[in-house]
Amino acid sequence: MHRIAHAISALPDNPALSARIVVNGVIGVCDPLGGLYLPDLDILVVSDLHLEKGSAFARRGMMLPPYDTLATLRILDAVISRHNPKTVISLGDNFHDRVGSALMPELFRGMIETMARGREWIWINGNHDPDGTTALPGASMDELTHSGLIFRHEPALNATAGEIAGHLHPSATVRRREKYMRRACFASDGRRLIMPAFGVTTGGLDLRHQAMRGLFDHQNLVAHMLGRDRIYSVRFANLLG
Amino acid sequence: MLLPPPFLRWFAEKGWQPRVHQLELLSHVQGGESMLLIAPTGAGKTLAGFLPSLVSLTERGKIPPGSVFTGIHTLYISPLKALAVDIERNLMKPVGDMGLPVRIENRTGDTPAAKRQRQKLNPPDILLTTPEQVALLLANGEAERFFKDLKYVVLDELHSLVTSKRGHLLSLGLARLRQLAPAMQAIGLSATVADPMDLQRWLAPQRPGENHHAGLITVTGGARPEISIMRTDERVPWAGHSAAYAIGDIYKAIGETKTTLLFVNTRSQAERVFQELWTINDDNLPIALHHGSLDVGQRRKVEAAMSENKLRAVVATSTLDLGIDWGDVDMVIHVGAPKGASRLAQRIGRANHRMDEPSRAILVPANRFEVMECQAALDANYIGAQDTPPVGKGSLDVLAQHVLGMACAAPFDPLMLYAEITSAAPYAYLTWETFERIVDFVATGGYALRAYERYAKIRKTPEGLWRVSNPMIAQQYRLNVGTIIESPMLNVRMVKHNARGALGRGGMALGKVEEYFIEMLSPGDTFLFSGKVLRFEGIRESECLVSQGFKLDPKVPSYNGGKFPLSTYLAQQVRKMLADPSRHTTLPDQVRDWLSLQKDLSMLPKEDELLIETFPRGSRHYMVIYAFEGRLAHQTLGMLLTRRLDRAGLKPLGFVATDYSLAVWGLEDLGAAFTSGRPQLADLFDEDMLGDDLEAWLNESFLLKRTFRNCAVIAGLIDQRHPGKEKSGRQVTVSADLIYDVLRSHEPDHILLEATRNDASTGLLEIERLGDMLSRIKGHITHRPLDRISPLAVPVMLEIGKESVNGDAQDFLLAEAADDLFADVLATASP
């Protein structure tokens with residue numbers, strides 16, 4: 001509940017609660033709501049919104065609550081209001097499936113239109129929604145290069161420095177006093193960054209999972225974990241595997 | 001004459017007499033009644049249960065080939081697959097000897113598809129099966145034809161079925177069977193229970209304003225078991241569950257008997273006892289291990305060796321509680337207190353299946369409180385006291401599953417289905433409104449935001465019948481049927497390091513272990529499993545890879561699995577014993593001395609008195625609450641109490657619970673606060689704690705999330721498995737938690753959340769029990785401020801440090817983890 005409740009209460013921005021990082025020389029702020037703000041570029045990055053996941057499952061006979069899109073958009077609204085960026089980049093898997101954006105109820109479409117008003121909005125295509133979005137503001141593209149950063153959905157194995165990607169839904173686990181805590185996280189070694197999944201019903205994959213292999217320099221890898229209302233930064237070596 | 005000639009000849013040839021209760025049951029059933037037979041093991045219960053159908057089938061004779069289709073005659077339902085298979089073997093013998101014209105087959109999850117298909121086309125006379133298979137058969141389009149000739153349903157080990165969700169599902173199945181075959185009679189077979197009428201009603205259709213129940217036959221007697229508490233020269237420990245102190249005595253007892261069954265309460269206890277027995281097994285006695293996480297193949301081997309009398313002892317958990325006939329077990333040793341009087345009686349019944357010889361049992365308390373609990377259980381057994389839980393209300397998630405199943409069988413009329421469902425005793429309470437909400441839930445998820453009408457799983461036809469929207473739904477139902485939701489498990493596989501130090505490919509499979517346990521481990525950690533010390537190597541796909549651990553002491557001591565809460569009855573008996581020093585004389589010296597010291601230094605609470613001690617220790621202040629309501633209820637109490645203390649400004653830091661007491665600690669002087677009446681203890685322990693505080697805590701409780709996950713899977717919201725796409729247990733866990741958060745924040749009154757709260761209040765959180773306790777102790781709270789720890793407080797104080805950390809505290813620990821490394825992180829990641 002923490003992110004949902006927190007977004008609704010919409011606390012003002014407090015630098016002590018977020019984490020400042022640098023990716024390929026560009027400064028970023030990891031927001032505990034799950035977005036990355038790049039102050040010098042005035043860009044807000046979010047990833048893996050998985051909008052309309054509930055209804056995608058309902059079409060296949062699993063009646064998951066139809067509130068996931070609303071909850072995700074409310075958090076998105078909160079994080080956009082907090083940073084008021086010139087540009088929003090959504091890093092792919094914006095919708096849970098190809099037909100999601102076309103079938104989305106008008107109410108939610110209206111919410112996105114309101115958020116996008118007066119800003120540039122970029123939808124990066126993901127593996128769940130490779131065809132882009134239907135009837136929504138903003139441009140769809142496979143990837144975007146900007147100021148030494150490259151924004152794409154799936155992290156590339158031999159990417160040049162400055163890649164900001166999503167897709168893997170990284171999470172990390174900390175053990176303390178024989179108890180473990182697992183949270184979604186921003187994962188970065190300073191060369192690249194993998195974003196946490198933003199969608200409220202989107203699970204995580206542990207940083208030590210084999211799908212993460214070869215992506216990071218473990219010496220410098222830090223997991224910026226999403227706590228209830230702040231970011232907790234923990235070095236990879238101190239995570240549980 | 002009740003018995004046809006072949007039966008009389010058979011009894012005569014064997015030199016046996018039909019037992020009185022066997023004939024009595026036959027006569028009542030032949031008179032048209034449904035019956036409940038309560039008998040101890042060894043009383044010929046199984047034969048009694050089948051006698052009516054064997055006689056009826058003998059009188060009917062073989063059905064000539066080419067006759068019109070005849071459905072099954074008798075349905076036998078057992079809680080265990082293995083029991084159904086075992087019964088087939090045991091029943092075939094007399095049927096063969098007598099040459100009866102009866103075809104008997106079993107049908108379980110393991111039955112090949114071809115045989116299942118054949119059974120549908122050409123049903124046997126007697127079908128032996130499990131509750132899940134009954135649900136599947138009933139959800140089939142052919143159900144009506146298959147069951148139309150059903151005469152008898154025999155329900156074995158009914159006491160173990162009725163209190164669970166499996167029992168709820170089965171009660172609904174029974175209601176449907178009555179519709180399909182109105183003349184059907186039910187025969188329940190059960191061990192002794194606290195309230196037989198509960199089961200009698202369960203067996204009969206319920207109608208508003210009427211009182212229907214099955215008849216009752218109780219077989220009493222059997223020789224009184226010889227139970228004793230292990231006498232030892234060793235020191236009985238203050239706390240813990242391993243009973244390691246008594247291993248030498250246990251080993252000696254095994255050596256003195258032919259075959260011993262050693263029961264323990266948890267898998268970790270089983271592992272520990274097994275390992276310690278082998279450490280001192282100088283005579284190389286064949287001692288085996290049996291628990292639910294071990295590989296099935298290994299378990300079967302142990303069972304086979306057991307029935308061939310090749311073993312001297314088996315260390316077992318509740319997996320051996322039920323049914324199957326073992327070889328000649330002549331003694332039961334119960335390690336740790338049995339936690340319930342009826343559980344003890346049933347376990348003791350596993351020794352010696354001949355009714356007229358006494359069973360022998362030894363109780364081995366693992367700590368000093370357990371000494372009293374064992375004594376209470378022993379006394380209870382002597383007077384035949386029973387404390388099986390009441391049947392309780394049927395759960396709503398099971399109802400949702402059943403409703404979908406009924407739609408899969410044939411389109412249903414909601415009024416008729418409602419009448420059928422409320423004829424099942426556990427669902428007699430169900431209101432029409434709740435039933436409608438469940439139907440709505442099955443159709444579209446039942447959300448206030450009507451978003452899924454077009455995807456509905458079941459739809460109303462113009463005639464007002466509900467039918468499934470497409471055949472995929474029925475397939476989905478079949479894959480999700482049942483109420484046993486395993487926690488996510490990983491296979492444990494032994495691997496070796498190759499010459500280059502890399503891990504080799506798979507070796508022997510050792511069994512399964514809960515994923516949450518593995519998540520706590522780091523590579524290199526050692527733990528006890530399958531009787532071995534194993535070294536955790538890592539996870540590959542869905543397997544937990546381990547290698548031989550070379551240390552004797554496992555680093556991670558235990559993993560949980562199957563913990564019973566202390567029964568209300570035994571708890572009361574322990575309180576009585578504590579209050580009455582004249583009864584302390586029967587207790588071992590060490591325990592007696594401990595209690596008398598408590599009397600001198602603090603006090604012994606009266607039976608209905610709640611003693612609260614407060615004392616400082618180190619830099620902290622402690623309060624110990626002697627509530628005797630079991631660990632689960634104490635945990636809930638601890639959660640709620642710390643909230644209240646926090647609000648009173650007393651800054652509690654943590655708590656820990658045992659079956660007997662609860663300790664809370666903090667930095668403020670709790671004793672002084674209570675003495676000055678700020679807050680009043682009566683206010684602190686007021687029943688209104690179960691109102692807003694409970695609600696607020698439930699918001700964050702991980703226990704509720706776990707309960708929700710089970711409800712969501714059983715109710716069909718989340719697939720346990722999906723056609724063509726096997727989900728791993730982990731994915732279900734993760735998404736269920738997130739779905740719970742979304743649902744709670746957007747539709748807190750949703751029917752599935754209601755189902756979850758209902759479950760939690762009787763299940764993991766034991767809220768009902770806590771409520772009973774709070775009302776019992778009203779006006780009977782005694783505060784004893786002390787300047788140091790009391791003798792009675794020692795056991796719970798020793799548990800401190802082993803406690804779990806939940807909810808709010810998790811973020812605290814995260815912060816700690818982050819802060820420790822803060823400087824480190826700054827150096828790495830900041831500009």
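1. An α-helix has 3.6 residues a turn, so residues three or four places apart point the same way.

2. This is a predicted model, in which local features need pLDDT of at least 70 and side-chain atom pairs count only at pLDDT 80 or more, whereas totals for chains, interfaces and linings use all residues. Residues are numbered from 1 along each chain as its sequence is written, while chains are lettered from A and ligands numbered from 1 in the order in which they are written.

3. Helix 13 of chain B comprises 12 residues, 296-307, and should span 16 Å at 1.5 Å a residue; the end C-alpha atoms are 17 Å apart, which agrees. The expected span is 1.5 Å times one less than the number of residues. Helices (H or I, at least four residues) and strands (E, at least two) are DSSP runs numbered from the N terminus. Asn309(B), which follows helix 13 of chain B, has a positive phi near 60°.

4. Chain B has 33 helices and 25 strands, and 47% of its 831 residues are buried. Of its contacts with a separation of 6 or more, 74% are between residues 24 or more positions apart; two residues are in contact if their C-beta atoms, placed from the backbone, lie within 7 Å.

5. The division of chain B is into domain 1 (5-218), domain 2 (226-383), domain 3 (396-484 + 702-760), domain 4 (489-548) and domain 5 (602-701 + 765-813), with bounds from an automatic or database domain assignment. Between domain 1 and domain 3 of chain B, 23 residues of the former are in contact with 23 of the latter. Helix 6 (131-138), helix 9 (165-180) and helix 10 (196-202) of chain B each supply at least two residues of the side of domain 1 that touches domain 3. Helix 9 of chain B gives the most, with 10 residues. By class, this side of domain 1 has 11 nonpolar, six polar and six charged residues. Here Ala, Val, Leu, Ile, Met, Phe, Trp, Tyr, Cys and Pro count as nonpolar, Asp, Glu, Lys and Arg as charged, and the others, Gly among them, as polar. The C-alpha centres of domain 1 and domain 3 of chain B lie 30 Å apart.

6. Of the 16 residues of helix 9 of chain B, 14 are buried, so this helix is largely enclosed by the rest of the structure. Its end C-alpha atoms are 23 Å apart, which agrees with the 22 Å that its 16 residues should span at 1.5 Å a residue.

7. The largest nonpolar core has 285 residues, of which Val45(A), Ala223(A), Leu262(B), Val315(B), Ile438(B), Ala663(B) and Ala712(B) touch the most other members. A nonpolar core is a set of buried Ala, Val, Leu, Ile, Met, Phe, Trp, Tyr and Cys residues joined through C-beta atoms within 7 Å. Helix 16 (residues 396-409) of chain B contributes the largest share of this core, 10 residues. A second, separate core of 15 residues includes Phe527(B), Phe536(B), Cys544(B) and Leu545(B).

8. Asp413(B) lies in the loop between helix 16 and helix 17 (414-421) of chain B. Asp413(B) and Gly464(B) are 51 residues apart in sequence but 6.8 Å apart in space, C-alpha to C-alpha. Asp413(B) is partly exposed, with 13 other C-beta atoms within 10 Å.

9. The peptide bond from Arg678(B) to Pro679(B) is cis, with omega near 0°, and Pro679(B) is in the loop between helix 24 (670-675) and helix 25 (681-684) of chain B. Ala135(A), though not a glycine, has a positive phi of about 55°. Ala135(A) is exposed, with 9 other C-beta atoms within 10 Å.

Methods:
Buried ≥ 20, exposed ≤ 12 C-beta atoms within 10 Å, placed from the backbone.
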